[in-house]
Amino acid sequence: MVVKLDMSKAYDRVKWAFLKEVMLQMGFTMEWATLIMKCISTVSYTVNINGRRGNVFKPTRGLRQGDPLSPFLFLICSKGISSLIRIAIAEGLMKGVRLTSYQSGFFCYEFWAIWGERNRRIHEQKNSTGQEIPDFINNYMAELNGLEMRNPIKGKEIRRWSYAPSEFVKINFDGAYDANHHQSASGIVVRNEEGVVLLSA
């Protein structure tokens, strides 16, 4: 059996009781946890239909999209999920798949290539052939591994990705802008101290 974690709608599915318990387990005081719970549980919504406002209703779970506090709270939830997965693995309830550095790199580059292809289709109306995508992945991997440097820059130090310190997360962000079409795209990857991906968007 393979377990796939889908984070696409995770913001809307966060259980408030779980978030509070994770904060307490991480060492936050009860006063702080209670304050945070007030921030996320006192929100109310209403829906406009044909210009008329409907009834007010209150949610019972989830984090608000666009709230500056929400990404940090979501990372706390991810820390809890990561801990539960580690416990399940230690108890033999789950078994992970070990990848070599090459396989791991290929896996990540493949997703970036698919994401780039998606952006080209949407913003540039360009489609790649079935062979162009794997060619791009192989060339990109060769470049990053130092096997082929098309435009070497003398004196520039090439640093490999390093793990985050213990009890920290590492956030990698990248973006691109097409001045001709006034289009932009960005991506973010969050990893814990073990290099496990907690969030990607």
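**View 1. Arg64, at 29% relative accessibility, counts as partly exposed and takes part in a salt bridge with Asp67.** Buried means under 20% relative accessible area, exposed means over 50%, and partly exposed lies in between, with a 1.4 Å probe and with protein chains only. The model is predicted, so that local features need a pLDDT of at least 70 and side-chain atom pairs count only at pLDDT 80 or more, whereas totals for chains, interfaces and linings use all residues. Residues are numbered from 1 along each chain as its sequence is written, and side-chain values use heavy atoms, with hydrogens and water left out. The side chains of Arg64 and Asp67 meet at 3.4 Å, N to O, where a salt bridge is defined as a side-chain nitrogen of Lys or Arg within 4 Å of a carboxyl oxygen of Asp or Glu. Asp67 is likewise partly exposed, with a relative accessibility of 21%.

View 2. The structure holds three salt bridges. In one of them, Glu193 is paired with Lys79, and the closest N and O atoms are 3.5 Å apart. Another salt bridge is formed by Glu194 and Arg86, whose closest N and O atoms are 3.9 Å apart. Glu194 counts as partly exposed at 43% relative accessibility, and Arg86 counts as partly exposed at 29%.

**View 3. Helix α4 has 21 residues and is partly covered by other elements.** Helices (H or I, at least four residues) and strands (E, at least two) are DSSP runs, numbered from the N terminus. From its first C-alpha to its last, α4 reaches 30 Å, close to the 30 Å expected at 1.5 Å a residue, the expected span being 1.5 Å times one less than the number of residues. Among the buried residues of α4 are Leu73, Phe74, Leu75, Ile76 and Cys77. What covers the buried residues of α4 includes α1 (10-13), α2 (16-25), α3, β4 (183-191) and β5 (197-200). The helix is followed by Gly92, whose phi is positive, near 80°.

**View 4. Phe18, Ile81, Leu84 and Ile87 make a nonpolar surface patch of about 330 Å².** A patch is made of residues with over 30% relative accessible area and no salt bridge; like charges are joined within 9 Å, and nonpolar side chains (Val, Leu, Ile, Met, Phe, Trp, Tyr) within 5 Å. Accessible areas come from the Shrake-Rupley method with a 1.4 Å probe, and for residues only the protein chains shown count as cover. Helix α4 (residues 70-90) gives the most to this patch, with three residues. Ile81 is placed in helix α4 and is partly exposed, with a relative accessible area of 32%.

**View 5. The structure holds two aromatic pairs.** Phe28 and Trp32 form a stacked pair, with 6.4 Å from centre to centre and 15° between the planes. Rings of Phe, Tyr and Trp (its six-membered ring) pair if their centres lie within 6.5 Å, and planes under 30 degrees apart count as stacked, those over 60 as edge-to-face and the rest as tilted. Phe28 is partly exposed, with a relative accessible area of 31%, and Trp32 is partly exposed at 41% relative accessibility. The rings of Tyr45 and Phe57 have their centres 6.1 Å apart and their planes at 35°, so this pair is tilted. It links distant parts of the chain, with Tyr45 in the loop between α3 (30-41) and β1 (48-49) and Phe57 in the loop between β2 (52-53) and α4, 12 residues apart. Tyr45 is partly exposed, with a relative accessible area of 34%, and Phe57 is partly exposed, with 41%.

**View 6. Asn50 lies in the loop between β1 and β2.** Its phi is near 55°, a positive value in a residue other than glycine. Asn50 is exposed, with a relative accessible area of 77%.

Definitions and conventions. Contact = heavy atoms within 4.5 Å.
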